[in-house]
Amino acid sequence: MSHRIESDKLALAAEQREEEKNYWMKRLSGELVKSTFPADFRKENLRERRMESKVFEFPSSLARRLIGMTNDSEIRLDIVLITGVTVLLARNSGNEDIIVGMPIYRQEAEVDFINTVLPIRYEIGPGVTFKEMILEMGQVILAAAKNQNYPMERLLNHLNISYTPGDDFPLFDVAVILENIHDRRYIRHIQTRTVFSFMKTGGEIKGTLSYDALLYAGTTAGRWVDQFLNLLQEAAFHVDKPISRIEMLTAREKERLLFDFNDSKAGYPKDKTVVQMFREQVEKTPDTTALVFEQTRVT
């Protein structure tokens, strides 16, 4: 009798694992474009990193609003924060199909888990509002957590994606952590270039942006923080506004767009055409986006 029970358990486990595999294969089907922030610098050794951090605090009015709209639920707050980072990444990368990483929720038992990292994929549809995106993102995260026990290394093999531990993780380059419910140790084996981590304490929310200083300038990382807080400030108080209409530019960026970029007195080579200058820039930075037009990239 006990042998039959054990056999039934194994069969059920195998069936459940197959269901999880099918979920991830469907979820990550089609063309996968790694979501990443455009780099400021190029570097020869791709495995080399120099991680630096920007610590910031949410304005009190924004923190109160986020805590209130999530009913003081840390899981719901996590969903909102991941939604915000997804929008930020989409705006900076020029892509709408975004994948960010998150750890599984903190587990009470100290054991060797089959898998501890989840790729969260979301494609921002036309006209979707922040409220709609939060609700949809919640379903995506819930489904990912339900299927969290499938090994990512095995999944990469099924997706025909080559991966060597120590290399950049191929599915995502940006991770999001809410320290209240996540354990940073769960993703230490995953190499990413950017990590947004948050902590809610009472009525306050603090954040830390860790970034690879060999790829990104400190001023760029600081701009991401400002943009993130700006877009959350507007989105949280105007949840029914379409994502495409949510403002995230800082006052300094607006000033640059209005004045610096429209300065007709700016110097440029008189003996070169725009096409020649464009080609020269492409040769200087071949891995950087040269032109974005209606989400079509030219490099």
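Visitor: Of the 299 residues of the chain, what share counts as buried?
Guide: For a residue, buried means under 20% relative accessible area, while exposed is over 50% and partly exposed lies in between (1.4 Å probe, protein chains only). Going by that cut-off, the buried share of the 299 residues in this chain is 41%.

Visitor: What is the mean pLDDT of the chain?
Guide: You're looking at a predicted model, where local features need pLDDT of at least 70, side-chain atom pairs count only at pLDDT 80 or more, and totals for chains, interfaces and linings use all residues. Residues are numbered from 1 along each chain as its sequence is written, and side-chain values use heavy atoms, with hydrogens and water left out. pLDDT itself is the predictor's confidence in each residue, from 0 to 100. Here 79% of the residues reach 70 or more, and the chain's mean is 85.

Visitor: How many aromatic pairs are there?
Guide: Rings of Phe, Tyr and Trp (its six-membered ring) pair if their centres lie within 6.5 Å; planes under 30 degrees apart count as stacked, over 60 as edge-to-face and the rest as tilted. By this rule, the number of aromatic pairs is twelve.

Visitor: Why is the pair of F56 and F198 called edge-to-face, rather than stacked?
Guide: The two ring centres of F56 and F198 sit 6.3 Å apart. What decides the name is the angle: their planes meet at 85°, so the pair is edge-to-face.

Visitor: How many residues apart in sequence are the parts that F56 and F198 tie together?
Guide: Helices (H or I, at least four residues) and strands (E, at least two) are DSSP runs, numbered from the N terminus. F56 belongs to strand β1 (residues 51–57) and F198 to strand β5 (residues 194–201), so their pair links parts whose separation in sequence is 142 residues.

Visitor: What is the angle between the planes of F58 and F228?
Guide: F58 and F228 also form an edge-to-face pair, 6.2 Å centre to centre, with the planes at 80°. F58 is in the loop between β1 and α2 (60–69) and F228 is in helix α6 (residues 218–237), so this pair ties together parts 170 residues apart in sequence. F58 is buried at 3% and F228 at 0%. Back to what you asked: the angle is 80°.

Visitor: With which side chain does the side chain of S197 make a polar contact?
Guide: S197 sits in strand β5 and is buried, with a relative accessible area of 5%. A polar contact is a pair of N or O atoms within 3.5 Å; within protein, one must be able to donate a hydrogen and the other to accept it, and residues adjacent in sequence count only if both atoms are side-chain atoms. At 3.0 Å, the partner of S197 is R184.
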